[in-house]
Amino acid sequence: PRLVLSYLFAWVMVVCIRPGAIAANGPVIGKYWLYAIGSDSSSSSSSEGWHARGVGFGCITFVTLINILSAKWSLRLINLLTVVKIVVLLVIVLAGIIAAAGRLNIERNNNWSRGFTGTSSDAHAYAAALTKVFWAYDGFTNLVYSLGELRRPERNLPWSIGGSVGIVGFLYIMANVAFFVVVPIDVAVSSEETLAAEFTYRVFGHQIGRVALPVLIGLSVLGAICAQTYGVSRLLDSANQVGFIPYGSRICGNHTRLGTPVMSLAIMYVLTLVYLLAPPPGKVFDLLVDFVQWSTWLFYGLAAAGAIVLRFTRPHHPLRSFRSFHPLNALFILFCVYITVFPFVPPANASNDPYPFYLSPLLGLITTLVGLAPWYFRLVWWPKRSGADLTAWVEAEELDGRIGQEAALPVPEAHEGYVEHEKNETTVVLD
């Protein structure tokens, strides 16, 4: 049915993916800052978990207020905390290189010689591991939701995403090597989200490694929350522009005085608090990450499949600005299938996790399917009752595509397609 996939993507992004991701990162900040003041932030006790959530609540509230009060200061805060993140990663990487060279007085471990001893090799375990790995790299998508505010996206978007993923990927890999060199594997597993703090404590001692650096690491996680909050509020406005949001003129749009999407940010804040405070004590981070990642990669895979379909059905669409490489698209789709199917496969070994192995992907599937109800009422039932045509813009784009195909000339591939600019607004088709 028309627009059902677009609507469901907007639904899960607004209702579960972004608020769930922000809620997952909030307690991580709390764990690092509690670690810095001497608390056992890795403890599984109920009180420690709620203390971390309390810190997360304060950070999420602070970030939301900054985004409401000023878009410029929101971007400045994102840039500042990005610098903090890169500096912290560089410190960890350089310290790891020095430790590997034997220049630091730290206790040696057998991490390298033990190989894969004690690890799992079943399909479920690999799916769970890949979900966590790609969670760390998912920040590159935040820019896509603000393309209307990006200058020359046809040039800057590929360079921005490619460069940022390349730099962060290198730093993340080297940081993991550093952790492997310094932190014994049993400590690394038990420390969970505060592994970086364990590393800095062993390398730099109490004042710098136990206090200062964990505070900075927490600030780098705060930067992720800032970027997620900034991006998703714009997504809600974009969904309203194509008619997905009922009463959109009241809910979405920028405040006349502040110039920011106040109501959108308020809605996202409430949803985020639900995910932050509702889950029972336990491994809340793992639960939320697996939950939001299932829907995320389902629609990433569908988007890659759509790029292949559009290349053949609309080869000369005038709004096409980017061309993707089909073999990479196919590999990407296979990967998305793997991490959306195999989380439902029972693990080979019994787990001590407080939640059933299938709970997170099942919640992701249910949340996605629930979106069919508002899709039906908004795009099927309401147009029949009111006579409003909420799909006219799709027909206009398809007509433009057909006209573009008929008028297309055999020009070199590097010059095909263009980006249409009107009144500082940019319409982009990703392929």
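User: In this predicted model, is asparagine 67 buried or exposed?

Analyst: Burial is read from relative accessible area, with values under 20% counting as buried. Asparagine 67 has a relative accessible area of 2%, so this residue is buried. Its place is in helix α2, which spans residues 46-69.

User: Which partners does the side chain of asparagine 67 reach through polar contacts?

Analyst: The side chain of asparagine 67 reaches the backbone oxygen of valine 63 at 2.9 Å. A polar contact of 3.4 Å also joins the side chain of asparagine 67 to that of serine 74.

User: Which residues does asparagine 67 touch, if those up to four places away in sequence are not counted?

Analyst: The list comprises Ser74, Cys226, Thr229, Tyr230, Thr260 and Leu265.

User: What is valine 182 in contact with, leaving aside neighbours within four places in sequence?

Analyst: Valine 182 is in contact with Ala99, Ile106, Glu107, Asn109, Phe199, Arg202 and Val203. Phe199 is also named with valine 182 among the residues with the most contacts inside the largest core.

User: What do the totals for the chain say?

Analyst: The chain has 14 helices and 2 strands. Of its 431 residues, 43% count as buried. Among contacts with a separation of 6 or more, 78% are between residues 24 or more positions apart. The chain exposes about 22400 Å², of which carbon and sulfur atoms supply 66%.

User: How many aromatic pairs are there, and how is the geometry of phenylalanine 134 and phenylalanine 335 classified?

Analyst: A ring pair is read from the distance between centres and the angle between planes. The count comes to 18 aromatic pairs. For phenylalanine 134 and phenylalanine 335, the ring centres are 4.5 Å apart and the planes stand at 50°, so the pair is tilted. The pair links distant parts of the chain, 201 residues apart: phenylalanine 134 is in helix α4 (residues 123-137) and phenylalanine 335 in helix α11 (residues 326-341).

User: Over which rings does arginine 210 lie?

Analyst: The charged end of arginine 210 sits over the ring of tyrosine 35, 3.9 Å from its centre. Arginine 210 also lies over the face of tyrosine 201, at 5.6 Å from the ring centre.

User: Where does isoleucine 185 lie, and what does it touch beyond four places in sequence?

Analyst: Isoleucine 185 lies in helix α6, residues 185-191. With a relative accessible area of 26%, isoleucine 185 is partly exposed. It touches Asn111, Arg114 and Phe180. The C-alpha atoms of isoleucine 185 and asparagine 111 are separated by 6.3 Å, although the two residues are 74 residues apart along the chain.

Key:
Residues are numbered from 1 along each chain as its sequence is written. This is a predicted model: local features need pLDDT of at least 70, side-chain atom pairs count only at pLDDT 80 or more; totals for chains, interfaces and linings use all residues. Side-chain values use heavy atoms; hydrogens and water are left out. A nonpolar core is a set of buried Ala, Val, Leu, Ile, Met, Phe, Trp, Tyr and Cys residues joined through side-chain atoms within 4.5 Å. Buried means under 20% relative accessible area, exposed over 50%, partly exposed in between (1.4 Å probe, protein chains only). Contact means heavy atoms within 4.5 Å. Helices (H or I, at least four residues) and strands (E, at least two) are DSSP runs, numbered from the N terminus. Accessible areas come from the Shrake-Rupley method with a 1.4 Å probe; for residues, only the protein chains shown count as cover. Rings of Phe, Tyr and Trp (its six-membered ring) pair if their centres lie within 6.5 Å; planes under 30 degrees apart count as stacked, over 60 as edge-to-face and the rest as tilted. A charge sits over a ring if NZ of Lys or CZ of Arg is within 6 Å of the ring centre and within 35 degrees of the ring normal. A polar contact is a pair of N or O atoms within 3.5 Å; within protein, one must be able to donate a hydrogen and the other to accept it, and residues adjacent in sequence count only if both atoms are side-chain atoms.
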